[in-house]
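Student: Please take a close look at one part of this model for me. I would like to understand the place where the two chains meet.

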Amino acid sequence: MKPRALIFRTAGINCDKESVHAFEMAGADVDLFHINYLKEKEIISNYQILCIPGGFSYGDDLGAGKILSLEFSLWFKDQLHKFIDKGGLVIGICNGFQVMVKMGILPDVDFSQKVTLTENDSARFETRWVYLKVENTSSAWLKGLANIIALPIAHGEGKFYTDKENLVRIESNNRVAFRYVDRCGSPVGYPLNPNGSLGGIAGITDASGRILGLMPHPERFVFKHQHPFWMSEDHVPFGLQMFKNAVKYFE
Amino acid sequence: MIYRIDILPKTEVATAKIFSQVKDLGIAGDVFVSSRKVYLIEADIPESDINLIAKDLLIDPVVESYQLTKGIFSEPPDQNQILITYNPGVCDNIALSLSKAIKDLSLTVKAARTAKFYQFQGLTLEDIDYVAPKTLFNPLIEHILDYEKVKDLDTLDEFAGMDYEFKLITLDIINAPDDKLLEISESGCLSLSLDEMKIIQDYFKKLNRNPTDCELETVATLWSEHCAHKTFRGIINYQEKDSCGKIIKEEKIDNLLKATIMKATREINSSDCVSVFDDNSGVVKFDDKNNICFKVETHNHPSSLEPYGGASTGIGGVIRDILGTGCAARPFASIDVFCFSPWDIPYHDLPHGLLHPKRVIDGVVRGVRDYGNRMGIPTVAGSVLFDERFLGNPLVYCGTLGILPKEKSFKKVESGDLVILCGAKTGRDGVHGATFSSKELDEQTVALTSAVQIGNAIEEKKVTEAILRARDKNLFDAITDCGAGGISSAITELGGEHGVKVDLDKVPLKYRGLTYTEIWISESQERMVFFAKEKDMAELEAIFKEEDVELTVVGEVTGDHKLTLLYNENKVCELDMDFIFILPKLAKDAVWVKQEESLPEPEERGDCNQDLKDLLKSPNIACKDWILRQYDHEVGGGSVTKSIYGVESLSVANAAVVRPDLNSEKCVTIGLGINPFYSDIDPYWMAALAIDEAMRNVVSSGGKLNKTYILDNFSWGSPLDQKILGGLVRASYACYDFSTYLKVPFISGKDSLYNEYTVKDKRISIPGTLLISAVSIMESWRKTITPAFKKEGSLLYLIGVTKNELGASEYFRGKNITTGNVPKIEKDSALTIFNNLSQAIEKGLVLACHDLSEGGLAVTASEMAMSSGLGATIFLSEVPVKGAVGVVERLFSESPTRFLVEVDQSKKNDFQRALGDIPFGLVGCVSSVEQLIILDGEEKVIDTSINSLRDAWTARFKKFRFDQ
């Protein structure tokens with residue numbers, strides 16, 4: 001049986017359709033629901049995979065992902081706890097990542113915010129392709145990925161930031177999923193680190209590696225033609241591999 | 001009680017952008033500007049709840065803290081501090097989101113507003129007064145909160161005490177003499193001519209009564225230039241004269257649009273055109289399931305007053321056009337094209353009342369960015385051009401493409417349908433009320449009636465999702481957007497064939513005090529009108545509730561062929577639809593004086609390396625990645641080629657290619673043609689060349705002319721000026737001539753006239769500008785071609801003829817040369833060039849292809865090389881030419897219908913065979929050395945590294961790229 005994936009959407013979420021497509025290509029059975037529909041139900045436990053896609057939930061008017069993170073905490077806290085305890089996979093992409101750190105299910109599932117994704121150093125929204133070094137290769141999402149992959153980013157508030165203590169803990173406990181690097185894998189500044197993230201951190205996982213949040217958009221690299229140089233170079237659609245990993249995890 | 005919450009960053013940083021703006025204003029010394037977000041909340045809840053709101057909603061605890069005080073000011077602000085907020089009636093999107101989130105917390109507040117606090121160091125009070133409105137806020141939408149005025153305020157309800165008491169207003173026109181009629185038109189901002197007022201007078205004389213204000217406004221709106229395109233649809237007496245003043249052609253044109261652009265489409269009669277010049281956008285076939293639609297609009301005037309709001313409502317408006325096409329299309333890609341003034345004009349030279357071009361550029365780009373990005377519609381292509389005449393009147397073109405199921409391509413209206421308004425609430429936005437004479441306006445009403453709006457993209461996103469869900473469940477049969485004229489034109493046009501009755505009191509309002517007429521003609525953003533059946537209401541309401549979108553039944557389709565408006569059961573309007581829609585035809589005169597052409601000698605050549613670099617640096621050609629990168633041009637996942645792309649380096653594409661449906665291999669190519677500078681010589685060729693450029697974009701990326709459709713968007717000066725109107729007629733003729741020649745039909749279009757402004761009593765009109773936007777349907781994304789060189793050792797072909805046509809070229813304008821001939825399209829070869837090149841691409845014989853446009857061959861070769869990391873050697877002796885052509889012409893002439901094509905050596909014979917008898921030359925080859933070498937005989941006229949070309953290309957906008 002295909003694993004079931006639930007994709008959340010609400011006002012301003014705008015990467016939901018390509019996220020559905022990516023999970024379907026990977027072989028999942030996908031439902032896309034508005035959170036106003038879900039808040040009246042208790043159905044999260046019917047799924048194996050949850051995805052909070054990218055966008056500008058509620059315009060990011062009070063800070064990126066802020067209002068949606070509040071709604072998740074208010075409406076789905078218990079269901080999320082149960083889902084995660086049962087061994088489900090969760091991914092938050094871009095705005096979804098911002099929502100996850102602000103509701104506090106990353107880097108720990110304790111519903112308290114420890115890290116943030118704040119305004120880019122360039123002080124503006126930017127879209128570009130970046131190189132990422134895959135760090136936590138034991139994560140269910142990241143198994144078998146190449147050491148360095150390319151994915152696009154598109155955000156105005158993606159600068160990973162936290163205090164020293166939490167940074168040390170994240171670094172030393174293998175919670176870093178991806179780091180912005182140059183094409184050889186070395187640490188890098190702007191523009192390849194597009195936002196000034198501490199340690200070039202582009203994505204993190206929880207302790208189990210099953211919960212992943214990242215600023216880059218894996219759902220935007222599931223077809224060859226999405227890569228800027230698809231006509232000159234041959235690239236594996238790394239994004240699709242991540243969604244396939246999630247599906248494979250339950251097979 | 002009003003609470004004020006200041007958000008304090010844990011580490012305070014100076015606002016670098018403001019700093020550089022202050023420097024631009026010529027203020028010397030060390031300046032430090034810091035800013036904070038401020039929230040104002042009016043509520044009768046305990047302070048602990050306000051603290052909860054601040055902690056849970058307003059701060060990011062990792063990087064911010066807050067300070068809570070009572071009242072808008074707890075103490076008088078220091079002299080170096082200012083607090084800025086929106087004017088009454090201007091949409092405060094953040095406050096709306098905050099109110100929603102507070103509701104989530106199960107708390108109740110009366111009102112919320114946002115403000116911005118600034119603190120200056122190193123500026124005098126005088127400096128602050130001078131700097132603030134120039135950099136920090138726009139008085140049209142924002143103001144500085146005055147401590148003395150607001151210190152005792154205990155409510156944020158800016159409209160308190162403004163209840164509206166119904167009073168029916170009628171205007172005496174049936175007995176009015178001519179001068180009185182004109183006065184009524186002028187004082188009511190109706191923009192109706194005396195002839196039109198007399199037609200209205202006759203109508204009401206027959207009815208034996210006077211019109212209400214609402215009736216007059218309705219007619220004025222539907223007959224306006226904006227809604228009815230009076231110039232294009234009216235009568236034009238056109239004369240063409242030779243340079244001695246002798247009349248060589250005379251024509252009475254009845255409806256210029258029908259006589260040229262629509263005529264071309266009718267003659268081409270393509271079976272792929274589904275709905276053209278009929279709906280809110282043009283609809284063409286895509287695949288066996290879906291159709292594609294495309295619309296481009298201008299938002300020039302609003303963008304000159306408030307660039308951010310003007311551009312964002314521009315893109316918001318055109319997205320609604322797509323949503324209002326057929327029974328609703330899903331928008332999937334946007335384009336934008338801007339014409340600005342050069343931004344290096346000193347502030348002290350700026351005419352009074354105009355915004356500095358830097359501010360216009362910044363605001364317009366941010367406006368498109370914020371709206372498009374929030375909507376999740378990728379802005380995939382665009383163009384930016386600079387000319388001094390755009391100083392007081394920038395051009396902002398916004399276009400959107402949509403996809404819709406075939407069976408949803410048409411509307412069906414039936415008597416008995418309910419009239420439904422959905423989306424944002426209605427305010428006074430954009431109302432130039434007929435009921436107020438300007439003398440009666442008080443300060444607050446002025447602020448309200450002239451309110452320039454800021455769009456609310458999230459509201460529009462919600463409306464989009466709700467409508468598309470309802471569409472897929474077949475819950476409505478007709479839909480249209482609220483644009484110019486608001487619901488007055490939307491409902492009247494949609495129900496025009498049947499008749500409608502509307503209860504204006506049912507329209508949900510943003511605030512109290514709106515008159516029935518204001519409700520009817522308000523242009524509030526993010527609203528749509530659709531017609532549905534009573535039986536579907538329950539299901540509609542459920543969907544809209546889940547999507548959190550307001551939906552209200554405001555009337556019904558009657559079948560009596562009348563427009564009936566009620567306000568609390570008082571009849572405020574009853575007009576015959578026939579009267580509203582039979583537009584009076586007005587006659588205008590137009591004249592065009594032909595210029596004699598000379599036969600110029602080839603230009604003397606200078607330092608060609610330097611000339612090439614200067615061209616790459618020129619604002620029109622220079623790399624504008626900093627704009628595209630601010631747009632989320634990849635959202636949706638359909639991106640096949642991006643107009644500028646790269647990881648470390650930068651590359652260009654011929655056109656944006658997008659897959660609208662990820663389940664289909666098919667894709668669309670979007671090409672844009674615009675070059676107002678040719679208008680200075682001849683608008684006829686300006687228009688023809690815009691078409692050629694758009695076709696070059698399409699063909700060089702792998703599209704074919706027989707699956708290509710175009711849109712016309714004219715931005716022109718005043719049609720009351722005979723010469724300007726003469727130019728418009730010439731441009732329209734060219735549209736007909738080249739659309740029919742290439743068999744590429746127009747499917748939609750729009751005109752924006754009266755683009756002019758006055759500086760010191762001197763009227764400045766923009767150059768006549770036509771944007772041609774092309775969409776081409778491609779069978780597979782795999783057939784796409786990009787300009788980047790692919791392979792060392794492959795061959796370079798130049799297709800098309802180069803002539804001595806440097807008039808208005810980038811090369812000449814860069815050297816301030818005003819002579820020269822405008823480029824002309826060779827009708828005996830252009831069509832075959834396009835088609836044979838398409839064939840060669842289709843057969844897989846082409847590795848890379850790029851068209852020649854601004855800057856000619858040298859710039860095209862540079863762009864192909866810079867995009868690839870490979871170099872090239874080109875021999876000018878092999879360039880196909882006609883007439884007196886020297887090195888300068890071969891390098892920089894902008895002769896149309898030319899391409900530089902990279903072909904694998906092994907495909908040489910097949911490629912040449914595919915080209916047939918079109919003019920082409922094997923001009924060079926691709927090399928692994930990153931060097932561009934162009935030879936005239938044995939002499940290297942260009943010999944420069946690709947890196948130095950790249951440096952030149954990226955130099956111009958360096959500041960925009962990193963500092964902003």
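Tutor: Start with one pair of side chains. A:Arg220 and B:Asp632 form a salt bridge, with N and O 2.8 Å apart. Keep in mind that this is a predicted model. That distance is within the 4 Å cut-off, so the pair counts as a salt bridge. The count between chain A and chain B is five salt bridges.

Now the chain A side. H3(A) gives the most, with six residues. By residue class, this side of chain A divides into 25 nonpolar, 15 polar and 13 charged.

Next, the extent. In contact are 53 residues of chain A and 67 residues of chain B. Interface size is often expressed as the accessible area lost when the parts come together. Here, about 5000 Å² is buried between chain A and chain B. Carbon and sulfur atoms give 57% of that area. In chain A, the residues that lose the most area to chain B are A:Leu62, A:Arg124 and A:His225. Together they account for 14% of what that side buries.

Conventions
Residues are numbered from 1 along each chain as its sequence is written. Chains are lettered from A and ligands numbered from 1 in the order in which they are written. This is a predicted model: local features need pLDDT of at least 70, side-chain atom pairs count only at pLDDT 80 or more; totals for chains, interfaces and linings use all residues. Side-chain values use heavy atoms; hydrogens and water are left out. Contact means heavy atoms within 4.5 Å. Buried area is the accessible area (1.4 Å probe) that two parts lose on being put together, summed over both. A salt bridge is a side-chain nitrogen of Lys or Arg within 4 Å of a carboxyl oxygen of Asp or Glu. Helices (H or I, at least four residues) and strands (E, at least two) are DSSP runs, numbered from the N terminus. Ala, Val, Leu, Ile, Met, Phe, Trp, Tyr, Cys and Pro count as nonpolar, Asp, Glu, Lys and Arg as charged, and the others, Gly among them, as polar.
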